[in-house]
Amino acid sequence: MSTVLKPKSASQGGKVGFVSLGCPKALVDSERILTQLKVEGYDIVQSYDDADIVVVNTCGFIDSAVTESLDAIGEAIAENGKVIVTGCLGKKPEQIRAAHPGVLSISGPQDYKSVMEAVHLALPPSHDPFTDLLPDFGLKLTPKHYAYLKISEGCNHRCSFCIIPSMRGDLVSRPVDDVLREAEKLAMGGVRELLVISQDTSAYGVDVKYAERTWRNKTYQTRMKALCEGLSELGIWTRLHYVYPYPHVDDIIPLMADGKLLPYLDIPFQHASPRILKLMKRPGAVEKTLERVHDWRAICPDLAIRSTFIVGFPGETEEEFETLLDFLDEAQLDRVGAFAYSPVDGATANALPDPVPEAVKQERLARFMERQAAISASRLEAKVGTTQRCIVDAIDGELAIARSRFDAPEIDGLVQIQDGREAGLKPGEFVDVEILGSDEHDLYGEVAY
């Protein structure tokens, strides 16, 4: 996800441009920085020429993200000249300085203080408390009707292909009452859908020993289930992302069956071969995982599961890849993302023997996506003839572009409502849609009257 500035017209001082790259967790970091900038009286502008200074929030997870971040920094320097860098790639300042020695400041992820200090140094703030007003939930980079709710920072896992802990540190859970108060403010401000994010949502609260806090005169543990119970009190959609398949995930499935949570789980399985999972330093009880997927769907038949996978991990044999394809057939996942393994600077997996040739990785990726496309198409086709509750994201010509309960923004499919404009639909509105058709990714329908 990114916010890209483009050349426009020149302007006067006190104005900050912002480029946000990376995952939803980085987007929340951007929102917090932007909110603080506005609190201190800065104007946020949409072009390089209008900005007195530009902040670039970077990503550094994989090589392509590093390249994108360095390119964005270079573009900002070329178009504006005064650039502050923050985010995950900021953990590698020498790499940034080597490519762009002229940046004013470099800081890592969640280091809001350093960003603001750099802005203050380059552009001292001027604040008028009578005119610089903000909603109490701060600035958002998402549409008004949905928002990301980050419940923790960092991660305790040490997956061999991942360098996130070295960038964002170990797990630090936010107090549950703080999270619930933020969610309440968002709901009061018009947000209709909350997307709960972290590096490991299932581990929420383990670092604080599930400490109890009070919200709305009720005690909640700092724990995933208790958080979900609290969020369900707000009467809006709540969608869970980055959920590791720990046993206590079973506890939240009844909340989905009862309509208190969206019937949606984003679980990064990554592979299905026990040996490859062990090399990845991931949970490896594949048979138990499949058993639990079937049990979840027995409790909540509407449950949609999305996941991500890596193909061509070092040492992956053809037989192990076939095991992964068999897992897809058995699990019948609704949405799947995959990428061919790529070495990430600093990841321990780089030292593993028997790297898979690039051509083989790409061939396996194509076979994987072909297999999953047929599964996704079949599961969507099963919804034809049903009526689905959807949320409208945009109006495009005669169409309303919406999402069902089973689709997260930007990563999943859409529901194209053919008579959306005629029905007078607006972004952020809930609507029941009669599903008339489908393809590999999307559904098509009309307003159900």
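Which residues does C155 touch, not counting those up to four places away in sequence? They are P165, G169, D170, L171 and Q199. Here contact means heavy atoms within 4.5 Å.

The model is predicted, so local features need pLDDT of at least 70 and side-chain atom pairs count only at pLDDT 80 or more, while totals for chains, interfaces and linings use all residues. Residues are numbered from 1 along each chain as its sequence is written, and side-chain values use heavy atoms, leaving out hydrogens and water.

Start with the whole chain. It splits into domain 1 (15-122), domain 2 (146-382) and domain 3 (386-447). These bounds come from an automatic or database domain assignment. The C-alpha centres of domains 1 and 3 are 35 Å apart.

Where do C155 and C162 sit? C155 is in the loop between strand 7 (152-153) and helix 5 (164-168). C162 is in the loop between strand 7 and helix 5 too. Helices (H or I, at least four residues) and strands (E, at least two) are DSSP runs, numbered from the N terminus.

Is C155 buried or exposed? C155 is buried, because its relative accessibility is 6%. C162 has a relative accessible area of 22%, so it counts as partly exposed. Buried means under 20% relative accessible area, exposed over 50%, partly exposed in between (1.4 Å probe, protein chains only). Beyond its neighbours within four places in sequence, C162 contacts F61 and A347.
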